[in-house]
Amino acid sequence: MKTSWRSASLVASAAAVLALTTACGQDSPPAASQNVGATAAPGDYGSIGSGTAGAAGGAASAQPSAPSASSPSNPAGKLSVSTAEKVGKVVTDSLGLTLYRFDQDTEEPPKSNCDGDCAKTWPPVPADDAEAGEGIDKALLGSVTRADGTKQLTVGGWPAYRYAKDVNAGDVKGQGVGGKWYALAPDGKKAQGGAGGGGEAVEAGLSTRNDAKLGEIVVDKNGMTVYRFKKDEAWPKPVSNCTGACLEKWPLVEPVDFADTKGIQEKGYMIFDRTDGKGKQQTINCSPIYTFAGDKAPGDTNGQGVGGTWYAVRPDGKLVGASEK
């Protein structure tokens, strides 16, 4: 009886391993597997370009035509919590202006990566006089010293900003801009009830849309186009060869539960641990997926064909307009 149980266990384990390996890349192992190995060369990152709307990262350049309520000279005062339509609960300053966070910043340790023109579009919130009002846990408030020596407010470790185009209390025009800027929720996390920034939210974490030129392609929850890098690997396990500066232009897509997808192939839909310390990344058909910093608004496909290595993704994980070789 013990021998029979042990044999059955070994068979089950082998079947599980086989199921995992055949789920990645193809149904059977290739005769030979080419290992690209090298991290993407600078020419493969592509030029972010001007885009069509909004702002992304340090490339942001929109400026108000006249001084606005979001001027960096305005103190934060007593913070409070407001409920914004399609966005949910957000942190606001004493003037009722929405506070935002930037995906390219870090919370641990806190660090701002928005300077120069970016800081004109997204004025840092001064930390000096900020205090917790109703609905705000004062333990979550802190500060970070910017490159210019000024102190910037942090909420839950994330540097806080206003948006230059928010001129009235309750405005949330910065929500989802560039797929990197989000209103701050009271716990310091992203408020993600809607995309804002001139685009409509996509309900599913990953879904598809029909593009006039590319056909059916995968988009994220903000409607931003999803891409693959031809120098990545899917077999026998996912490997991302986009690291360092490459990830600044091609942000990785973080894990999305398959139950939160619509129209995406389930086979090979998996999460893997990156080897560069950037955490976990989502795949479709075992291929790592990304968005593009040069796409400024939902519907943009500025990353298509960049460097001959970056392409939009079909629902089955295949490249749009390119061979898999």
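1. Throughout this note, a residue is called buried under 20% relative accessible area, exposed over 50%, and partly exposed in between, with a 1.4 Å probe and protein chains only. By that scale F258, at 27% relative accessibility, counts as partly exposed. The model is predicted, and local features need pLDDT of at least 70, side-chain atom pairs count only at pLDDT 80 or more, while totals for chains, interfaces and linings use all residues. Residues are numbered from 1 along each chain as its sequence is written, and side-chain values use heavy atoms, with hydrogens and water left out.

2. The aromatic residues come next. Rings of Phe, Tyr and Trp (for Trp the six-membered ring) pair if their centres lie within 6.5 Å, and planes under 30 degrees apart count as stacked, over 60 as edge-to-face and the rest as tilted. In one of them, W122 and Y163, the ring centres are 4.1 Å apart and the planes stand at 20 degrees, so the pair is stacked. This pair links distant parts of the chain, 41 residues apart, with W122 in the loop between α2 and β6 (131–132) and Y163 in the loop between β9 (158–159) and β10 (181–183); helices (H or I, at least four residues) and strands (E, at least two) are DSSP runs, numbered from the N terminus. Both partners are buried, W122 with a relative accessible area of 0% and Y163 with 3%.

3. F258 pairs with Y269 in an edge-to-face arrangement, 5.1 Å centre to centre and with 65 degrees between the planes. The two residues are eleven residues apart, and each lies in the loop between α3 (245–249) and β14. Y269 counts as buried at 13% relative accessibility, whereas F258 is partly exposed at 27%.

4. One aromatic cluster is formed by Y100, F102, W122, Y161, Y163 and W181. As a separate point, R101 lies over the face of W158, at 3.7 Å from the ring centre; a charge sits over a ring if NZ of Lys or CZ of Arg is within 6 Å of the ring centre and within 35 degrees of the ring normal.

5. Which residues does S112 contact once its neighbours within four places in sequence are left aside? They are D105, R146, Q152, P159 and Y161, where contact means heavy atoms within 4.5 Å. S112 lies in the loop between β5 (110–111) and α2 (117–121), and at 12% relative accessibility S112 counts as buried. Its side chain is joined to that of R146 by a polar contact of 2.7 Å, and a polar atom of the S112 side chain lies 3.3 Å from the backbone nitrogen of C114. A polar contact is a pair of N or O atoms within 3.5 Å; within protein, one must be able to donate a hydrogen and the other to accept it, and residues adjacent in sequence count only if both atoms are side-chain atoms.

6. R146 also meets D115 in a salt bridge between side chains, at 3.0 Å from N to O. This pair links distant parts of the chain, 31 residues apart: D115 is in the loop between β5 and α2, and R146 in the loop between β7 (141–145) and β8 (151–155). R146 counts as buried at 8% relative accessibility, whereas D115 is partly exposed with a relative accessible area of 36%. A salt bridge is a side-chain nitrogen of Lys or Arg within 4 Å of a carboxyl oxygen of Asp or Glu, and the whole structure contains eight of these salt bridges. Another joins K190 to D103, with the closest N and O atoms 3.1 Å apart; these residues, 87 residues apart, lie in the loop between β10 and β11 (206–211) and the loop between β3 (100–102) and β4 (106–107), respectively.

7. An open sheet of three strands has the order β14-β15-β16 with antiparallel pairing. β14 (271–273) and β16 (287–288) stand at the edges with a single partner strand each, so one side of each is left without a neighbour in the sheet. β14 pairs with β15 (residues 280–284) over three bridges in the antiparallel sense, two strands being paired if DSSP finds at least two bridges between them. I271 has Q282 in β15 as its bridge partner. The side chains of D273 and K280 meet in a salt bridge of 2.6 Å, N to O, and K280 counts as partly exposed at 45% relative accessibility.
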